[in-house]
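Please read it with the model open.

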Amino acid sequence: MPSLHELVRAHTDLVEDDVAWLQLLMADWQILADLSFADLVLWLPDREGKGYWAGGQMRPTTGPTALVDDVLGTFIPAGRRRMLDEAFGTGRLVREGDPEWRDDVPVRVEVIPVRRAGRVIATIARNTNLLGVRTPSRLELSYLQTAAELTQMIASGHFPLPGQRSDHADSPRVGDGFVRLDPAGRVVYASPNGLSAYRRLGLHGDLAGLVLTELTRELVPARRRPDEETLSAVLGGRDGRATEVGTDDVTLIVRSIPLRPQGDRSGALLLVRDVTELRSRDRELVTKDVTIREIHHRVKNNLQTVAALLRLQARRTDAEDAKSALEEAVRRVGSIAIVHETLSHAVEETVDFDDIADRLGAMVVDVSGVEVPVRVVREGSFGKLPSEAATPLAMVLTEVLQNAVEHGYAGLPDGTSGRVVLTARRIVGRLHVVVEDDGRGLPEDFDLDSSTQLGLSIVRTLVESELGGVLEIGPGTRGTRVQADLPVD
């Protein structure tokens, strides 16, 4: 289905500020749908005046739908729906006396003009399924009265309000808890869920007739309340935003929507949500995250200890082959330690591998035994990689860069220098990594399949088995070229 932006660009003359206003409205129109017990459809005027395009649709969660099928993206010619033409032309709310029948369902239709900066930029058709209509309860009457005031605010250009939107994950909805305030901030009506939320804070009795700001000060300790200005503005119904209040055991989000159907404030709608469990899970996730990072930090410390022990053993060993093997082990352990050090500072279990690659290149050059100066240069970006891929890739790069430096430039005459280029590019779910040097090149009889070198065996196993990639080693422009093609998410 097309998006609002696509429909606007293809069929209307609405400007960017108009679209931003409509997006802000649609972020909050679930509230209007639930209070109205009705489906909402946003109709956009065609640029040539031929009719209207359905730019958005919202079903209620408080009642039966009147629109079984999706209408987003559909077109209605001018003249077919008199109410759309009249609402858009006059800028007034239009109600139909007799219901429409759709699939044997009686539907009452009302059309609300959407005004911005003095202009009607769209209309909202409110469709109510009348099969479920019965004698309304006090809750339903309060919902409908508030919906009528929001409707007038839309038609006069006073709604939506800037600030927190209803499409945020933890934003309260109508069904979470509904509280209606008068202009003085006194509770006129509270839904059963709204009353229950405040009873969990410690209220005994009813909310009706109480000044919500004063009550909240009594129930919530000062350290768990927002500042006085925010408390008075939000819980007094004067400012359209949300705040969080609670005790050590209960946490509530309270969102205020001041009501100004005629321009002056007639009261406010407050939506209340108990987010105690949500905040508890948030704290658990933070604790888990800190624990994971501490584990990575300790693993890094342990690996550095192992590397130090191997280095000490290498110094006490007289056999050159054994000393060389121990030094290679130190480098391999060090490359894994760098990954864990990076993960110990990361918020998520992913790492920015560019930093790791740069550090590996510097480490390989620093510990190499070649006498000519060698530079490792990175081109392109690895991007973020999951930790399970970062560790084997770090070992692969360590081995490949070490081979490029030690075998590519060992024994070259004084006055020469070397340059190793590490290239990384991500293309359509693949990571292409190339290490190319300008050294002496591969032996004439080199064959990757028959090679018995431990380093190359490690690289091939990690690339093909651990990372699920493809490894190629061959001559480069001047020296040796190693290429790995790896799948990435």
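1. Thr243 stands opposite Val254 in β11. Strand β11 (residues 251-259) pairs with β10 in the antiparallel sense over five bridges; two strands are taken to pair if DSSP finds at least two bridges between them. Helices (H or I, at least four residues) and strands (E, at least two) are DSSP runs, numbered from the N terminus.

2. On the basis of the description: this is a predicted model, in which local features need pLDDT of at least 70 and side-chain atom pairs count only at pLDDT 80 or more, while totals for chains, interfaces and linings use all residues. Residues are numbered from 1 along each chain as its sequence is written, and side-chain values use heavy atoms, with hydrogens and water left out.

3. The pairing of β10 with β11 belongs to an open, antiparallel sheet of five strands, ordered β9-β8-β12-β11-β10. Because β9 (187-190) and β10 (242-246) stand at the edges with a single partner strand each, one side of each is left without a neighbour in the sheet. From one strand to the next, the twist averages 25°.

4. Helix α7 (residues 228-235) lies across β8 (178-181), β10, β11 and β12 (267-274), and runs at about 110° to β10. Such angles run from 0 to 180 degrees between N-to-C directions, with axes as lines fitted to C-alpha atoms, for helices over the stretch in contact; contact means heavy atoms within 4.5 Å.

5. The structure holds six aromatic pairs (rings of Phe, Tyr and Trp, the last by its six-membered ring, with centres within 6.5 Å; planes under 30 degrees apart are stacked, over 60 edge-to-face, the rest tilted). Tyr52 and Phe88 form an edge-to-face pair, at 6.2 Å centre to centre and 65° between the planes. This pair links distant parts of the chain, with Tyr52 in strand β2 (residues 51-58) and Phe88 in helix α3 (residues 82-90), 36 residues apart. Ring pairs also link Phe37, Tyr143, Phe178 and Tyr189 into a cluster.

6. The largest nonpolar core has 51 residues, of which Phe353, Ile356, Phe382, Leu393, Leu397, Val420 and Leu431 touch the most other members. A nonpolar core is a set of buried Ala, Val, Leu, Ile, Met, Phe, Trp, Tyr and Cys residues joined through side-chain atoms within 4.5 Å, where buried means under 20% relative accessible area, exposed over 50% and partly exposed in between (1.4 Å probe, protein chains only). Helix α11 (residues 387-409) gives the largest share of this core, 12 residues.
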